[in-house]
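Please read them with the structure open.

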Amino acid sequence: MLKEVCWQIGGEQGQGLDSTVEVFNTVASRAGYYVYAYKTFASRIKGGHTDFTTRIGVERVQAPAAGVNLLVVLDQESIDLCAKNVYPGAIVLADEAINPTLPEGTDAKLLTMPFNKMTLALGNPLMKNNIVLGASAAFLGLPLDHFKKYATRRWGNKGEEFVSLIHTAMEQGYNYVHENWPDLQLQVAEPDGKERLLMIGNEAAALGALAGGCRTVFSYPITPASEIAESLVKIFPKVGGVAVQMEDELASIVACVGAGFGGSRAMTATSGPGLSLMQEALGLAAMTETPVVVVDTMRGGPSTGMPTKQEQSDLLALAYGGHGDSPRIVLAPGSVEELIPLTAEAFNLADNYHCPVMIASDLALALFQQTVEPEAAELASMPKIDRGPLGNPEEMAALGRDVFERYGKNVNENGVSPRSLPGMKNGQFLATGAEHGAFGKVTENPANRVYMMNRRMNRIKNVKTEAVRYFGSENADIVVLAFGTTLGAAKEAQAQIEAATGKKAGVLQIRLIYPVPTAEIEKYVKGGKALVVESNAVGQFTFMLKATGFHADQLATLLRYDGNLITVADIVAGAKVALSGEGQYFVTGGGQGLRTIPDPTITLAAKEA
Amino acid sequence: MATMADFRTSEKSWWCPGCGDFGVLAALQKALVELGRDPENVAVVSGIGCSGKIGNYINSYNLHVVHGRSLPAAQGLKLANRELTVIAAGGDGDGFAIGMGHYMHALRRNIDITYIVMDNQIYGLTKGQTSPTSDGGVQTKSTPNGNIEHSVNQMQLALASGCGFVANGFSSNQKQLVEIIKRAIQFPGFALVNTYSPCVTFNKVNTYDFYKQELTNLDDVAGYDRHDRFAAMKMLMEKNELVSGIVYEDPSSVRYEDRVRGFKEQGIVNQDWNVEPALWQKLLDSYK
């Protein structure tokens with residue numbers, strides 16, 4: 001009995017694979033399996049290779065699988081690209097019409113089925129994918145009934161005849177496998193049958209925003225962030241919110257500042273190129289002490305970079321981007337499940353610290369489906385809406401005009417003073433990006449400048465949030481520091497590191513990227529070694545750690561920036577070398593294994609004497 | 001009822017004596033008083049430049065944003081709290097150079113705000129460079145041999161982009177400007193109030209005397225129909241936009257806010273944001 005299996009399907013973009021995969025994933029989830037579903041795709045609509053991989057298990061799966069058990073391919077290119085990733089002895093199922101061949105040396109069984117012929121006989125080209133689903137169900141030992149039931153639910157509105165055709169296609173695929181290869185079926189352990197949720201990170205972020213009281217969204221379409229606004233525009237009519245597709249990212253963030261100034265909870269969602277455009281106005285939000293929330297789904301940069309590939313290379317731009325010194329809070333969710341409450345929390349933090357709160361999501365977290373436990377998504381478990389320091393309208397009305405000091409010294413323990421909102425009598429003030437005094441009026445007085453700068457920057461020194469989360473053995477010899485998508489792989493790697501090295505291993509999730517929780521991290525690393533794993537070329541988080549006083553000799557870093565995800569195997573390999581002391585900085589990916597590199601946080605090379 | 005004094009601040013002006021912006025500020029304050037608005041329910045969002053300093057001199061909620069972005073900020077603010085009177089204000093450079101990308105889209109989006117442009121056809125605060133509304137041939141610091149570009153026709157652009165309220169005022173014609181601004185604030189949708197607001201320091205061509213001589217007052221044009229979009233366009237083209245008064249007013253304008261499905265009369269900021277448990281459960285169920 002297998003605890004988990006991995007199914008992959010490859011073909012051309014525009015062949016309807018998306019909906020085939022949607023059916024497979026949903027059915028697996030409804031059957032009670034944990035799901036982690038990922039994909040390779042290109043920045044084009046039709047044509048070009050695409051493949052989808054779904055890992056299902058009876059225990060939580062949270063990273064790409066080490067291999068594929070069943071690879072279904074609709075073209076030869078998919079075999080050439082994907083067959084190298086299969087487990088030894090795996091099944092590669094191809095359409096006989098393409099006369100498939102396996103690359104030399106591939107340890108797999110190539111089986112062919114007359115997908116095209118069977119589809120033609122059914123008289124509807126859409127049925128091909130249903131035959132594929134039936135065949136896949138047969139190989140993986142998944143009950144066909146679940147697939148048929150889902151098809152009825154999903155396409156019932158298209159008429160009985162259509163649904164019945166789908167059922168026939170699924171049955172034909174299923175029966176073909178049973179009749180021709182009765183001994184090749186995999187046996188996956190029976191799932192617990194519990195109904196769990198399955199969603200992508202962008203959908204989770206949208207739910208979190210809803211729970212967090214966000215009713216104003218201003219954004220501009222960009223891969224891989226668009227689904228956040230697309231989800232909310234569907235939900236908002238039910239709650240009186242508005243999601244506006246702005247003309248660009250400059251407008252998006254400035255509209256958020258306007259809405260935040262007006263007192264609503266405003267959010268924008270973007271990726272690297274948009275973040276670059278937003279930097280000036282993020283300074284405006286900081287300067288005017290206006291709450292805004294930005295979700296950044298990081299992708300391959302810089303410039304257009306690799307829009308459909310994974311990277312975590314916006315950390316410095318998120319934390320320190322833009323001109324001048326300005327406060328921000330940068331949060332990093334470690335799973336789709338966590339994105340819901342974390343996004344809701346971002347609005348509370350913004351309202352309490354009166355500065356931009358950035359959510360560092362990444363492409364894989366944004367777009368890949370993961371199982372969400374229903375308990376974790378309960379409304380009751382979401383952070384309660386907390387508006388932070390806010391003027392009391394009655395007290396303010398009694399003040400008379402020109403008394404209320406928006407930027408006055410009536411600050412709380414975080415250095416934040418209550419804000420007035422338009423509509424509150426006698427709360428009028430000037431919110432300006434120019435340096436200003438207590439009422440907001442512009443001044444360049446040196447003493448005021450120092451007070452105001454300190455006032456803005458000091459507030460984030462004591463951000464109250466769960467900055468880190470620890471998993472694994474206590475007093476570990478090696479602690480893997482991970483955030484975003486990489487956390488799942490790190491958690492799965494933890495036991496394997498211990499098994500491979502005989503040393504104790506832990507995982508520290510960095511939930512707060514900035515301000516850097518250096519002291520907290522030191523507490524967990526103690527006398528051990530820290531292995532930072534991050535998807536970028538210059539070790540951006542490593543840089544932040546070093547800059548904030550983390551001991552460089554305790555630090556090792558594993559980087560990957562070839563567009564692919566950091567895998568469990570990458571982390572285990574990195575941990576082994578880090579523990580052996582044979583290297584400190586490593587890079588992996590790009591068709592090569594792990595190799596040692598000089599310090600990636602670039603310094604000018606020493607001149608030869 | 002609020003008075004002029006209620007809308008004034010004690011801030012000493014940074015504008016040059018004789019600046020056209022004084023007249024625009026006074027007309028805005030007077031319009032707000034005459035419409036019975038209270039300072040706390042008015043928000044002025046301004047851009048960068050001399051005119052952007054207007055928020056220092058009006059007792060309302062004021063948001064002074066980065067260069068060129070008064071319109072997105074004002075639209076965001078209006079959607080956050082539609083109960084407010086939201087005025088965006090700025091200069092010709094702020095609106096039609098760096099902010100042009102937002103101008104076009106604010107025009108077609110039709111959110112219920114009033115946009116007051118103080119057009120002096122020059123960059124004043126940076127001390128005398130050409131502006132997108134500078135006339136061809138004009139000598140400025142950045143065009144010492146004469147401006148070789150032709151100017152933006154912002155009012156024709158507005159008409160072409162479907163703007164439902166297009167007006168032009170002149171800062172020294174207070175009476176007319178007050179009426180224009182009042183009407184603009186009451187208009188259900190995006191209202192453009194361009195104003196000629198002379199820069200007495202850096203623009204020696206487009207002076208008070210120049211405008212007095214060149215402007216055609218539409219109130220004096222017999223038979224001019226401000227509800228006729230074609231006539232409005234013709235007038236702007238014929239007069240090279242040197243007109244004053246309400247150029248066009250769409251009697252059937254529908255605000256963006258009224259076209260958003262499920263959008264409420266009450267400002268979002270004043271609503272209860274807690275999610276109904278039944279709705280939340282329904283949403284979660286859609287991911288099963």
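1. In which sense, right-handed or left-handed, does helix 2 of chain B pass helix 7 of chain B? The crossing is right-handed. Bear in mind throughout that this is a predicted model.

2. Helix 2 of chain B spans residues 21-34 and helix 7 of chain B residues 174-186. Their axes lie 8 Å apart, at an angle of about 55°.

3. On the side of helix 2 of chain B, the contact is made by G23(B), A26(B), A27(B), L28(B), K30(B), A31(B) and E34(B). Helix 7 of chain B brings Q174(B), L177(B), V178(B), I181(B), K182(B) and I185(B). By class, this contact has eight nonpolar, two polar and three charged residues.

4. Turning to the chain contact, 59 residues come from chain A and 49 from chain B. On the chain B side, the elements that give two or more residues are strand 1 (42-46), strand 2 (61-64), helix 3 (70-80), helix 5 (100-109) and helix 10 (277-285). Helix 3 of chain B has the largest share, with eight residues.

5. The residues of chain B that touch chain A divide into 26 nonpolar, 16 polar and seven charged.

6. The two chains also share strand pairing: strand 16 of chain A (residues 430-432) runs parallel to strand 2 of chain B, with three bridges between them. Within strand 2 of chain B, H64(B) is the residue opposite T432(A).

How values were computed. Residues are numbered from 1 along each chain as its sequence is written. Chains are lettered from A and ligands numbered from 1 in the order in which they are written. This is a predicted model: local features need pLDDT of at least 70, side-chain atom pairs count only at pLDDT 80 or more; totals for chains, interfaces and linings use all residues. Two residues are in contact if their C-beta atoms, placed from the backbone, lie within 7 Å. Helices (H or I, at least four residues) and strands (E, at least two) are DSSP runs, numbered from the N terminus. Ala, Val, Leu, Ile, Met, Phe, Trp, Tyr, Cys and Pro count as nonpolar, Asp, Glu, Lys and Arg as charged, and the others, Gly among them, as polar. Two strands pair if DSSP finds at least two bridges between them. Axes are lines fitted to C-alpha atoms, for helices over the stretch in contact, and angles run from 0 to 180 degrees between N-to-C directions. A crossing is left-handed if the near helix is turned anticlockwise from the far one by less than a right angle, and right-handed if clockwise.
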